[in-house]
There are 2 protein chains.
Amino acid sequence: MSTAPFFKLSKTDGKARLGLISTPRGEIRTPAFMPVGTAATVKAMLPGQVRETGADILLGNTYHLMLRPGAERVAALGGLHQFMNWDRPILTDSGGFQVMSLAKLRKLTEQGVRFKSHIDGSDWLLTPESSMEIQRLLGSDIVMAFDECTPFPADEGVARASMELSMRWAERSRSAFGTREGHFLFGIQQGSIYPDLRAQSADALREIGFDGYAIGGLAVGEGQELMFGVLDHAPDMLPEDRPRYLMGVGKPDDLVGAVARGVDMFDCVLPTRSGRNGQAFTRRGVINIKNARHADDPRPLDPDCACPACSHYSRAYLHHVFKAQEIISSMLMTWHNLHYYQELMSGMRSAIQNGEFAAFEHDFHALRAQGDLPSL
Amino acid sequence: MSTAPFFKLSKTDGKARLGLISTPRGEIRTPAFMPVGTAATVKAMLPGQVRETGADILLGNTYHLMLRPGAERVAALGGLHQFMNWDRPILTDSGGFQVMSLAKLRKLTEQGVRFKSHIDGSDWLLTPESSMEIQRLLGSDIVMAFDECTPFPADEGVARASMELSMRWAERSRSAFGTREGHFLFGIQQGSIYPDLRAQSADALREIGFDGYAIGGLAVGEGQELMFGVLDHAPDMLPEDRPRYLMGVGKPDDLVGAVARGVDMFDCVLPTRSGRNGQAFTRRGVINIKNARHADDPRPLDPDCACPACSHYSRAYLHHVFKAQEIISSMLMTWHNLHYYQELMSGMRSAIQNGEFAAFEHDFHALRAQGDLPSL
């Protein structure tokens, strides 16, 4: 095994950070975007294609995988990497967020969360200890502590109680995880929009000690302005020498604004889900391919994009296969979106390397302000 | 342009034929299986992947494409090859079969078929002349004459009248097609299960003169025994120096039996549609991946298959993603099935080349008789 540190911060430009995470399964260039592979597949993509877009790491959802196909089954089949044919790093969430948003008859106690499966109604209990065990069975490289994602809005009292519960769970997660060579545990900061709570949460996590630190409880309906308000101070509270992961974010301009505020890692279903719904992200903003104005347009989504959808297909074709509900529509639109997201991350990494992040941000917003290509 | 003849018959073994079709867009090794790309996409596959399975030619459906996105639109966008990113040969059917099976309020007259679109209810008229024009606009390499696929069962009088109508339409198709350098026209034999009618149809087509000859009106519910009964004589009635195409066939054992009877080309939705429905074709027969017995099985569908589904994924994974209704299920199962079909054709071509077709047939049936791998 390499003796490289888990995280190496190689350059900063303002608050924006260029770094490298090293794991036995491979390196992760930061700022990094992690495509979401909920049920052991990045929807509509083969793993080799996801890698071709530039992804260094995928995210898997503990809640979905524990229910189907089941963590013990995945372990018996050689772990999640072998199961889904992805040999690079995988980060798994703790299941805490999905259980509160998807499961039925949830009951949250100090112990954890009891719930019924949304698939077959079976009874489950998820705790810090069982979440660590499930993520171990899956073979996750980066394991997330079990927490409660504080709902938004929450008054300060509610947010404090929720954060303090998450910190007790963080300590239990740390104990249950123990030390596992080549596997890493991240704590999750909570505290909603309250700076004091964010600071207390960061202190609590730092005291416990984690390999990396996530910023939780954002992208839950508060809007970009409030989110950026939190990000103006929250990342600074976390250790400088550890990666910072903003969970569940986001739109392209969310990513740029968050990197500018010192965030290193992201995950979001937006590029994959929007692709299936006919929305393409481009440097000039969002294209809704179902719009009839594309029906006769021989041009690609973005003439300067090198993805397979833009290299080989017209907007007219993409419009046609979306309207005809052909699977290739999801395949090509998802590929384009993931390619765009990884190009965006790569562009930000280069800009930080060259000390040009402010200019990158300016150009990013200027091109989007121009909007889509003019109609033919 | 090459001076190679359109069809070169290079070897026979019994009635089985090894040949090569040459077009400006590429060669087609026969016996050939043509994957179906109904709406300008082989469902759940990228064109490069279809080519990787070994396909030399695709089939496009005139009925679907004329309704959506429209033949004029495809022509304005550079033709079907450019539209769908497939630069090798494309054969288009005439629309006659689909209009009778899918369209609403059909009215068949000597002129052609009036109908309403199943997509938006719009009024259409399809005739031998308009079918030729639509296939020209699509840019089809191999154009099919417009015919009526005689329903099954049909008494001899009905079958005769239907066949004679198709022969008049074949003549009108030939006239409307004219001569188009690098594009080829196939006539379609009808006559249901009646040898005399099949012979009369073959004579009529031969007199008109086509680049190739299809055997129509089979695989419409008559069953394999009756189909093979027709194929025991129908191919022999067609010119030896022209390719023979059995439309809409079939299951793997249909293909082997038809090649043994002198057929050169096939198309069928079975490998693609069955793949989406969770059925895998293998040398040992059909595997229904939704069956619970696969849930923990670490073995591939077929340990000797080199397709991506078999190279990288367990039956357990394929079972999981089918149950979870993930798009990758359709992608992998379709790829496997198309790969298997092309391997089957390749195996038959080698067997004919080596004069071992009878042994190939024997081994084909013997392995299927063994059934799927024993359970773990």
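**Close-up views of a predicted two-chain model**

**View 1. The largest nonpolar core.** Of its 238 residues, Phe186(A), Leu318(A), Phe186(B) and Leu318(B) touch the most other members. Such a core is a set of buried Ala, Val, Leu, Ile, Met, Phe, Trp, Tyr and Cys residues joined through C-beta atoms within 7 Å. Buried means that 20 or more other C-beta atoms, placed from the backbone, lie within 10 Å of the residue's own. This is a predicted model: local features need pLDDT of at least 70, side-chain atom pairs count only at pLDDT 80 or more, and totals for chains, interfaces and linings use all residues. Residues are numbered from 1 along each chain as its sequence is written, with chains lettered from A and ligands numbered from 1 in the order in which they are written.

**View 2. Strand 12 of chain A.** This strand (a DSSP E run of at least two residues, numbered from the N terminus) spans residues 212–215. Gly212(A) and Ala214(A) are buried on one side, Tyr213(A) and Ile215(A) on the other. Strand 11 (residues 184–189) of chain A runs parallel to strand 12, joined by 4 bridges. Ile188(A) stands opposite Ala214(A). Strand 13 (residues 244–246) of chain A is also parallel to strand 12, through 3 bridges. There, Tyr245(A) is the bridge partner of Ala214(A).

**View 3. Contacts of Phe186(A).** Beyond neighbours within four places in sequence, Phe186(A) is in contact (C-beta atoms, placed from the backbone, within 7 Å) with residues including Ile142(A), Met144(A), Phe210(A) and Tyr245(A).

**View 4. Where the chains meet.** The contact takes 30 residues from chain B and 30 residues from chain A.

Definitions and conventions. Contact = placed C-beta atoms within 7 Å. Buried ≥ 20, exposed ≤ 12 C-beta atoms within 10 Å, placed from the backbone. Pairing = 2+ DSSP bridges.
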